[in-house]
Amino acid sequence: MGKEARKVSALDIKKLIKMLNAALSEEWLAYYQYWIGARLMEGPMRSEVEAELLVHADEELGHAVLVADRIIQLGGTPVINPKDWMKLAGCGYAEPADPYIEVILEQNLTGERCAIQRYQEIADFTAGKDFATHQMAVQILNDELEHEEDLESWLKDIHRLKEEIKKIRL
Ligand code: FE
Ligand code: FE
Ligand code: MG
């Protein structure tokens, strides 16, 4: 950590680094959740949604880069063993054992809602004290809000499609 950077510590840096390592672990798990879910997925709108899930996966990886770099700037060590991801992550990982598109999207949605809470928490913790981490958390938070909205709208479209099919059958 640089000399100026250390002055940031009007807050509990150790606690902040712990929160950031939880977020970093969650980003890697979210990356894999999207990446494997996109490949396994079956059902209506699959071909359209698949590409979008892979875009989300890439965005989660981008978040991991931001968070890991900030941990290093703060003098911490980003989680160095993948086996610790499950231990550190508060959001967990939902195994996509059922490949049906609605199930996959719901699992991703749960993850996004947890991520929103995580970055809200980090933004809150750093507000007015650590502007760099605060700005990063707000930036990522905005991406997660967009992800949540994407997932909700695809689920809505699938639901709509099912309703229309039901009408035709009646
Ligand atoms: Fe993310
Ligand atoms: Fe996300
Ligand atoms: Mg999107």
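The following dialogue goes through some labels used for this predicted model.

Student: Which residue coordinates both the iron ion (ligand 2) and the iron ion (ligand 1)?

Tutor: E60 does, and the two ions are 3.8 Å apart.

Student: Why is E60 called buried?

Tutor: Its relative accessibility is 1%. Buried means under 20%, so the label applies. H147, also at 1%, counts as buried.

Student: How do you know that C91 and C114 form a disulfide?

Tutor: The S to S distance is 2.0 Å. The limit is 2.5 Å, so the pair qualifies. By this rule the count comes to one disulfide. C91 is in the loop between α4 (85-88) and α5 (101-126), while C114 is in helix α5, 23 residues apart. The angle about the S-S bond is -90 degrees, and the link is left-handed.

Student: Why is C91 called partly exposed?

Tutor: Its relative accessibility is 23%. That class runs between the 20% and 50% limits, so C91 belongs there.

Student: What is noted about phi of M45?

Tutor: Phi is near 70 degrees, a positive value in a residue other than glycine. Most residues other than glycine have a negative phi. M45 is in the loop between α2 (13-40) and α3.

Definitions and conventions
Residues are numbered from 1 along each chain as its sequence is written. Chains are lettered from A and ligands numbered from 1 in the order in which they are written. This is a predicted model: local features need pLDDT of at least 70, side-chain atom pairs count only at pLDDT 80 or more; totals for chains, interfaces and linings use all residues. Side-chain values use heavy atoms; hydrogens and water are left out. Donors are N, O and S atoms within 2.8 Å of the metal (3.2 Å for Na, K and Ca); water is not among the atoms, so sites may look incomplete. Buried means under 20% relative accessible area, exposed over 50%, partly exposed in between (1.4 Å probe, protein chains only). Helices (H or I, at least four residues) and strands (E, at least two) are DSSP runs, numbered from the N terminus.
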